[in-house]
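Reader: Hey, I've got this structure open and I'm a bit lost. Could you walk me through some of it?

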Amino acid sequence: MATNYWQSTHCLNWILEKEVVESSNRKDKQYISPDDVKRLRIHYTNLIQQLGVGLKIRQRAIATAIVYFKRFYIKNSFVDCEPRLISTTSLYLAAKAEECTTQAKKYVLKMREIDSTFPYDMHHILECEFYVLEELDFCLIVYHPYQSLSTYLSDLGLDAGHLDQVWSIVNDSYRSDVSLMYAPHVIGLACIFVAGIMIGNKEIRTWFAEMNIDLKAIWEVSRDILDAIDCWNETSPQMINTIRMKLNIHHRGVLPS
């Protein structure tokens, strides 16, 4: 494992240009709009979160799984690779990487509680694990905003209510694609910036004004996070079902042949 983010495969291999991220899921976009692709990404991000909480997996491992899922679909499409299986496998793999392993069969049982139509068993997850590993180029180390954020929040001295708001926004940030494009500390700063807007805290704005940082990047990340939140708030379960029907993704093969 790299001793710091700047030497890691996360930094060197998996910080992508915005154009690369926006050009992903090309095959899916033959059937649905880019906005619908975004809605599906958020939907399966929420599924990973729900599954992880149900299995009592640490939030860091859940966040890692979401990043794996997003990286996987940079190279693949929903129509070819069933996203429920990739979601479940990403969480299984992330839990192992973050040293909070749970048996594969428990993932299957919990997924069937969440979605009674989930057709896969533990053997599918174990088979899929190797395919996901290959698509990730075996780069399993993921850095998150949590560590740097603790340092920033200590410096700010926010009260408990404001701290909860910031941590909530950090978790919301994984609904967007910022983890594919920006360093974790930039995402952490953007979450503080968004919290400052939401709660109207002038001290946060003053704190940013005194820092020697790239405010353009902070603003871009903040905008992407807020866009993802708005997108999901405007998305109904009926919309998700309609999008999935257009892709017919729950009736295709497990993995591309």
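Reader: Thanks! Where is the place of His162?

Author: His162 sits in helix H9, residues 160–173. Helices here are DSSP runs of H or I with at least four residues, and strands are runs of E with at least two, numbered from the N terminus. Before we go on, this is a predicted model, where local features need pLDDT of at least 70 and side-chain atom pairs count only at pLDDT 80 or more, while totals for chains, interfaces and linings use all residues. Residues are numbered from 1 along each chain as its sequence is written, and side-chain values use heavy atoms, with hydrogens and water left out.

Reader: Okay, and does His162 count as exposed, buried or partly exposed?

Author: His162 counts as partly exposed, because its relative accessibility is 21%. Buried means under 20% relative accessible area, exposed means over 50%, and partly exposed is in between, using a 1.4 Å probe and protein chains only.

Reader: How far apart are the C-alpha atoms of His162 and Met198?

Author: They are separated by 9.9 Å, and the two residues are 36 apart along the chain.

Reader: New topic: cysteines. How many disulfides does a search of the whole structure find?

Author: The search finds zero. A disulfide is a pair of cysteine sulfur atoms within 2.5 Å.

Reader: Let's do helices. At what angle do H3 and H13 pack?

Author: Helix H3 (residues 34–54) and helix H13 (residues 237–247) pack at about 110°, and their axes are 10 Å apart. So H3 is roughly perpendicular to H13. The cut-offs are under 35 degrees for roughly parallel, over 145 for roughly antiparallel, 65 to 115 for roughly perpendicular, and oblique for the rest. Axes are lines fitted to C-alpha atoms, for helices over the stretch in contact, and angles run from 0 to 180 degrees between N-to-C directions.

Reader: Which residues meet there?

Author: From H3 you have Asp36, Arg39, Leu40, His43 and Tyr44, and they meet Met239, Ile240, Ile243, Arg244, Lys246 and Leu247 in H13. Contact means heavy atoms within 4.5 Å. By class, the residues in the contact of H3 with H13 are six nonpolar, one polar and four charged. Ala, Val, Leu, Ile, Met, Phe, Trp, Tyr, Cys and Pro count as nonpolar, Asp, Glu, Lys and Arg as charged, and the others, Gly among them, as polar.

Reader: And what about H3 and H12?

Author: The axes of H3 and helix H12 (residues 215–233) come within 10 Å and cross at roughly 85°. That makes H3 roughly perpendicular to H12. On the H3 side, the contact is made by Lys38, Arg39, Ile42, His43 and Asn46, and on the H12 side by Ala228, Cys231 and Trp232. The contact of H3 with H12 has four nonpolar, two polar and two charged residues.

Reader: How do H5 and H6 pack?

Author: Helix H5 (residues 83–97) and helix H6 (residues 104–114) pack at an angle of about 140°, with axes 11 Å apart. They are therefore oblique to each other. Thr88, Leu91, Tyr92 and Ala95 of H5 make the contact with Ala104, Tyr107 and Met111 of H6. The classes in the contact of H5 with H6 are six nonpolar, one polar and no charged residues.

Reader: What does Ala97 touch?

Author: Ala97 touches Tyr68 and Leu140, not counting residues up to four places away in sequence. Ala97 lies in helix H5 and counts as partly exposed at 35% relative accessibility.

Reader: Last one: what's phi of Lys56?

Author: Phi of Lys56 is near 60°, a positive value in a residue other than glycine. Lys56 is in the loop between H3 and helix H4 (59–75), and counts as exposed at 76% relative accessibility. Asp137 also has a positive phi, near 55°, and is found in the loop between helix H7 (122–135) and helix H8 (146–156).
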